[in-house]
Amino acid sequence: MTPSSNSSPEVTTAGVPRPGGSGLLAGAAVSRVGYGAMQLERLREERHTAVALLRRAVELGVDHIDTAEFYGNGLVNGLIREAIRPEDGVVVVSKVGADPNPGGRIPLRPAQRPEELRASVEDNLKSLGLDRIPVVNLRRMDTGPGIRPEADQVVDIDDQLAVMVALRDEGKIGGIGLSSVTLEKLRHALPAGIVCVQNAYSLVARGDEDMLDLCLAEGIAWVPYFPLGGAFPGLPKVTEEPAVLAAAQALDSTPSQIGLAWLLRHAPNTLLIAGTADAGHLEQNIAAGSVELDDATLAELDAVLSRPTDVSIR
C-alpha cells in the first residue's frame, strides 16, 4: 500500500490515467481525485460489496485513500487491508486524535494526549496490516464542524508534534499531516515538516483561504473534507447553490461534480477525498476530474457567498 518507484505523473502504478491529473502527497505522485473511506462503514453487512468498491476505485485511477481506525472501530481499515494490494501503489493516509465511542451519542471521542496518539498509530498499523503508514494526520479539533476537546484532552500542539515526529523517526509513519487546525497552529507546526492539511472547505465555506495560500506556498497538499459543504443540519450545501445548479445543467454534469471540479480548479495543490458507499456515485466523483470549467462559469462560482462552518458538537 505504498507508491511504486515506477509511478508516473501521468498514470498510476496500474497504468491508469490519473483522474484530475497528478498531485503530490508526501513526495509521492498521486491522482488528484482520491477516495475517502469513512462511508464504507455503511457496508458493514456487505463486506464483498465494500471490497469490490475499493477495487473499482483503484481500477478507475484512485491511488490515495483516506481512512482512520475510528471509522467503524477498525472495520474500514480491515476492508482496505483486504482490498488493496502492494502492487496497486496506493498511498494510504490515516488519522489520529479521536477514538471510537461505541454506543455513544457521538460515535467518536477525543483522544488527543500523546500516549493516545501513539496507541492509535499502533492500532492503525495492526488493522491495516502495515509496518509503516505513508501519511498520518493529527486531528486537532481546533476548528471546523465537529467535537471539541475538554479537560485533559486540551493538549499543547508541541507535545503532540513531539510524539508524531518520534513515530516518524521510528519508521512507523511517513509524512505528518494536520486536520481541523487553525492558521496559527499550522504556522507553528511547519518546522515539524507538514505534508498535508485536512480542513472543512468547499465552495460555500472558504474561510480558510489564507491557510490554503500558505499550503500552496509551502508545498503542502490541501485535502478538504466536507468538500460539498454541510454534513450536519443547518450547514450550507454546495449542491443547493443556484450557480452550481446552473453550471451542472450547462455542462451536462451533476451538482456534486461541479463542486468537486471547482475545488480542483481553485488551487493546484488540492487533492480530493470525496467518499461514498455507492459504486455509481464513486464513478461520478472520479469523473469530476474531467469536468472543464470555462472562465465565465468559474467567475459565477467564485461569486458564491462563503459561509462559516465552525460548529461544535457536544
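Residues are numbered from 1 along each chain as its sequence is written. In this predicted model, local features need pLDDT of at least 70 and side-chain atom pairs count only at pLDDT 80 or more, while totals for chains, interfaces and linings use all residues; side-chain values use heavy atoms, with hydrogens and water left out.

**View 1. The largest cavity holds about 50 Å³ of space.** On a 1 Å grid over the protein atoms alone, a cavity is a set of points where a 1.4 Å probe fits but cannot get out, and lining residues have an atom within 4 Å of a point. Volume here is the space filled by probe spheres set on the points, which are joined across faces, edges and corners. Look for Pro145, Tyr201, Tyr225, Phe226 and Thr309 among the lining residues. The lining counts seven nonpolar, four polar and no charged residues (nonpolar: Ala, Val, Leu, Ile, Met, Phe, Trp, Tyr, Cys and Pro; charged: Asp, Glu, Lys and Arg; polar: the others, Gly among them).

**View 2. The second largest cavity holds about 30 Å³.** Val33, Gly34, Tyr35, Ala274, Leu282, Asn285 and Ile286 line it. Helix α9 (residues 279–287) gives the most to this lining, with three residues (helices are DSSP runs of H or I, at least four residues, numbered from the N terminus).

**View 3. The largest pocket has a volume of about 1300 Å³.** A pocket is an open set with protein on both sides within 12 Å along at least five of seven lines. Of its 48 lining residues, Met38, Gln39, Tyr225, Phe226 and Ala231 lie nearest the centre. The lining divides into 21 nonpolar, 18 polar and nine charged residues.

How values were computed:
Helix = DSSP H or I, 4+ residues; strand = E, 2+ residues; numbered from the N terminus.
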